[in-house]
Amino acid sequence: MVKNKIEVRNLNLHYSQNHALKDINVFLPEKEISAFIGPSGCGKSTFLKTLNRMNDLVDGVRIDGEVLLDDENIYDNRVDTTILRKKIGMVFQQPNPFPMSVYDNVAYGPRTHGLKNKAQLDEIVEKALRDAAIWDEVKDRLKKSALGLSGGQQQRLCMARALAIQPDVLLMDEPTSALDPISTSKIEDLVTQLKKDYTILIVTHNMQQAARISDKTAFFLLGELVEMGETETVFSMPTDKRTEDYITGRFG
Amino acid sequence: MSDQSLAIGGLKVSTTENNSIMKKNNRMIDKAVYVLIYLSASVSVLLLIGIIGYVLVKGISAVTPEFVTTVTSAVKGTTGIAGNIVNTLYIIVITLVLATPIGIGSAIYLNEYAKPGRFVRLIEMTTEILAGIPSILYGLFGMVLFGITLGMGYSILTGSLTLTLMILPLITRNTQEALKTVPLNYRSAALGLGTTKWYMIRTVLLPSAMPGIITGVILAIGRIVGESAALLFTAGSGYFLPKNGQWLSKVLESGGTLSVQLYLSMSKGQYDTAFGIAVILIAIVLIINLITKLLTNRFNVARSANVARSANVARSAKKK
């Protein structure tokens, strides 16, 4: 039996008057890839951000319910979000490297968490860049600005940056939507590789992508979790009519 | 529509009559605007060159080694502004040391910590109004508060504190604008890695905003150097050099800056001296601009020093 890394119970999220997430219950198994699909504005990105409390930064957000990470509620008053976000890394939709060198981008996380030893930093940076399958492309330009990389390289750099803090969980918010097909396939290969060490959650607009890489798929609609199950099942014989309409392109 | 626009161009050619595309020369308004804009730009450049040239021609003869290294003395029969140069530097340094940290700090508070709302808008509005108050009012306020009530009299310190109040809004506003230009996704990227807010501000926001912050500081220096009204009744018009190396206690003595001395010389009809001072003022402003630019570059180098260390990774990789 696979252990659940994250358990979400009765999660409701209000944004001012808007009820953006409605009574979500989800179990996310350890070292699996879970994909969240659904039309724009259905709340899947918002849901992703509740898992590492990035919604705390938005004014007027109210969250009820429980999100358990290894059986600890991340919305407990005693939670240090710094440590939480070290355990749950995030890759954003737009590649967002810092205006620093490639090396400093990857070393940023470890340095934040107090690592100063140069040899150790060098080792972590190299490992993270190798894990993100970008080492060969950047090893000769580690001290050059990260902003000079192509979009696809920048996104893999951002993945390396997230991996360098050695998280348990990796949240990815439409990580390939701004990339060309070749970069997209590199990222997909990468995500599949990373599964052996990380619990991965990926929000995507691309249903083929969800079908290709994920173990579990969840379908969101208007702030509700309509259906979640084994990816194959969801795509071949969805139990809900709305899921079927969406994945067959008959939707609305 | 097209008929109308052609008519504005000064040519009444119906589109049906002539279908040729070779009508670039018919765009008279575009050309006229181009000439006007070009002229406007030339006027500003010529004005700058004209003023600097005029000041140099009139003032350069007054600038002698004696003029910049001695103080005016009836006994020795010298006319010099060494004291005023030193006073100016004193006031620039003290004012910036006081105003820059407070200004940057309050900008960081307003932009990054305060919840946007009525209170922040009130502070921002106040800052803007403060920036627009005539400097003589700062002089009056500074004289009464620091000079009389707090008993500092006419002194470089009184003047610097007064100017601190005056340039604080300038530095705050500029820093705020600079912080606003830093993309939001830098913030979420850093916070998503589990940084504390202050670490994020220190390592990502401030370095990215630094060019804008430095522009604010340069503008502030400009205001300090050019100020006379706010200083006349606070820092006074002393023109002596610090006695026997008493550089510290000089701060509590009266000290007129170059601009104050320029004003005094003009009011006494000593135009040669006045133009001489003007030359030195322009030179100081240019030098300070250069130094600040160099400091900006130093700052960038300091950032890339971390980067240089990363070369080791590459090297060790090659060894393998």
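**Two chains and how they meet**

Analyst: Happy to! In this predicted model, the contact draws 31 residues from chain A and 25 residues from chain B.

User: Which helices of chain B each supply at least two residues of the side that touches chain A?

Analyst: Those are α8 (184-192), α9 (197-226) and α12 (271-319) of chain B. The most comes from α12(B), with 11 residues.

User: What makes up the side of chain B that touches chain A, by class?

Analyst: That side has 12 nonpolar, 11 polar and two charged residues.

**A pair of helices in chain B**

User: Why are α7(B) and α9(B) called roughly antiparallel?

Analyst: Look at the angle: α7 (residues 156-180) of chain B and α9(B) pack at about 150°, and their axes are 8 Å apart. Angles over 145 degrees count as roughly antiparallel, so α7(B) and α9(B) get that description. The crossing of these two helices, α7(B) and α9(B), is right-handed.

User: Which residues make the contact between them?

Analyst: From α7(B), they include L163(B), I167(B) and L170(B), and from α9(B), they include L205(B), A209(B) and G212(B). The residues of this contact divide into 13 nonpolar, five polar and two charged.

**A sheet in chain A**

User: What is the order of the six strands in the open sheet of chain A?

Analyst: The order is β6-β7-β8-β3-β9-β10, and the pairing is mixed.

User: What makes β6 and β10 of chain A edge strands?

Analyst: Each of them, β6 (88-91) and β10 (224-230) of chain A, pairs on one side only.

User: How do you know that β7(A) and β8(A) pair?

Analyst: Pairing takes at least two bridges, and five bridges join β7 (residues 169-173) to β8 (residues 199-203) in chain A, so they qualify. These two strands run parallel. As one example, L170(A) stands opposite I200(A) in β8(A). Helix α6 (residues 151-163) of chain A packs on this sheet, touching β6 and β7 of chain A.

User: What confidence does the predictor give chain B?

Analyst: Chain B averages a pLDDT of 85, and 88% of the residues score at least 70. Over residues 1-6 of chain B, though, the pLDDT is below 50, and residues 301-320 of chain B are also below 50. Where pLDDT is low, the predicted coordinates should not be read in detail. For the complex, the predictor gives an ipTM of 0.87 and a pTM of 0.80.

Methods:
Residues are numbered from 1 along each chain as its sequence is written. Chains are lettered from A and ligands numbered from 1 in the order in which they are written. This is a predicted model: local features need pLDDT of at least 70, side-chain atom pairs count only at pLDDT 80 or more; totals for chains, interfaces and linings use all residues. Two residues are in contact if their C-beta atoms, placed from the backbone, lie within 7 Å. Helices (H or I, at least four residues) and strands (E, at least two) are DSSP runs, numbered from the N terminus. Ala, Val, Leu, Ile, Met, Phe, Trp, Tyr, Cys and Pro count as nonpolar, Asp, Glu, Lys and Arg as charged, and the others, Gly among them, as polar. Axes are lines fitted to C-alpha atoms, for helices over the stretch in contact, and angles run from 0 to 180 degrees between N-to-C directions. Angles under 35 degrees count as roughly parallel, over 145 as roughly antiparallel, 65 to 115 as roughly perpendicular and the rest as oblique. A crossing is left-handed if the near helix is turned anticlockwise from the far one by less than a right angle, and right-handed if clockwise. pLDDT is the predictor's confidence in each residue, from 0 to 100.
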